[in-house]
Amino acid sequence: MAQKAITGLQKMPNGIWKIDKKYRGERIQESTGTCDRAEAEQYLIHMLEKLRQQKVYGVRTVRTWREASIKFLLEVKDQASIHISATYMAQLDPFIGHLPITHVDDNSLASYIRSKLAPEIGKPVTNRTVNIALQRVIRVLNLCARKWRDDERRPWLDVVPMISLLDEKTTCRKPYPLSWEEQSILFAELPAHLQTMAMFKVNTGCREQEVCKLQWDWEIAVPELATSVFLIPANFGGRSARAGVKNGDERLVVLNDVAKSVIEKQRGKHPLFVFPFGKPDGEGNETTVHRMNDSAWKKARIRAAKKWQEKYLRPAHDGFLRIRIHDLKHSFGRRLRAAGVTEEDRKALLGHKNGSITSHYSTAELDQLIAAANKVSATDSRAPALTILKRRQV
């Protein structure tokens, strides 16, 4: 007697068999991934047994890392950092994507870590960069255990394994606040547009994208003080359209005398952006600089280090040779501290969270902040002494 064929399989136009069957009230629709009828039947039998164990014995479905990472990305799709999360998930997938979430631990992540710290092609990344990916792994596993549930209200994961993070102190680049002499030498090597932006940044403590995307619409006149300030929207858009101020609040930008002079020189150059640069757009206006840390900045810091060595007959400090755009913000903060500016005022000037509502400053408070910012507006001996302890270069 011939064996009866299993029902619930349909052959698609491309030749692949697809499951379309009801089992205990649950509809199963899934591709078998094969053109062979016997293989497709075996896959269907496997699926039915799997469902039977879940229904009868309460056996929990074991999810893969790939399933968990996709669910995570769908949940955070509206976050400004979604593109960063997607990048790290794509990097992790070849190493752990196929694994059950119960098997994601230090051992399974070891190959990913090695590929980033000692790649066969390209430059190695820092421990900090690897930790950003590992922190997302921890986040997803926590969601599996604490939030996500199956149809029987059971967590996807019972216990979250301890994921070890790398020591960032061994590879992180420490902040390097500029001395006045180093600033003078570096800025002289920058092209005109970067020099203007750098001068504004080192006198306001703004972040890179806050400078690049600064708009005239954000300027607010303060006639009582014969000046103006900028109030940057929390979601102004940085390197991505949904990015914004780091702490999620509006960012008050107070102008000291130097920053104010920079702003006045920029007036009339562009109807929208304060620091335009590049090829004209369709209306004949220049566009913005997308980032300050470009090849022009990197070449300028090499030239500046060489000028330093020629002038002082000793190599420049490694921190100066590799000076970053963000070090201009550190320089502003260190100078404020050296000038005796209070911690509360430093936080306000640097755009750090301090519990206050930035858009509700009074004229008197703004006057106080401007006075504090002006304590570091000089670029010569009139400025407060700033002694930076630096180890001798070997």
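Let's start with a pair of charged side chains: glutamate 181 and lysine 311 meet in a salt bridge, with N and O 2.6 Å apart, in what is a predicted model. Where do these two partners sit? Glutamate 181 is partly exposed, at 26% relative accessible area, while lysine 311 is exposed, at 52%.

Another one links arginine 267 with glutamate 264, where the closest N and O atoms are 3.0 Å apart. Here arginine 267 has a relative accessible area of 36%, which means partly exposed, and glutamate 264 is also partly exposed, at 41%.

Now find aspartate 327 and arginine 324, whose side chains meet in a salt bridge of 3.2 Å from N to O. Is aspartate 327 buried or exposed? With a relative accessibility of 1%, aspartate 327 counts as buried, because the cut-off for buried is under 20%. Arginine 324, at 24%, is partly exposed. Salt bridges can also share partners, and in this way Glu189, Arg303 and Lys307 are joined into one network.

Finally, let's visit histidine 193, which you will find in helix H7 (residues 192-204). Histidine 193 counts as buried, at 18% relative accessibility. Which residues does histidine 193 contact, leaving aside its neighbours within four places in sequence? They are Phe277 and Val289.

Technical notes: Residues are numbered from 1 along each chain as its sequence is written. This is a predicted model: local features need pLDDT of at least 70, side-chain atom pairs count only at pLDDT 80 or more; totals for chains, interfaces and linings use all residues. Side-chain values use heavy atoms; hydrogens and water are left out. Helices (H or I, at least four residues) and strands (E, at least two) are DSSP runs, numbered from the N terminus. Buried means under 20% relative accessible area, exposed over 50%, partly exposed in between (1.4 Å probe, protein chains only). Contact means heavy atoms within 4.5 Å. A salt bridge is a side-chain nitrogen of Lys or Arg within 4 Å of a carboxyl oxygen of Asp or Glu.
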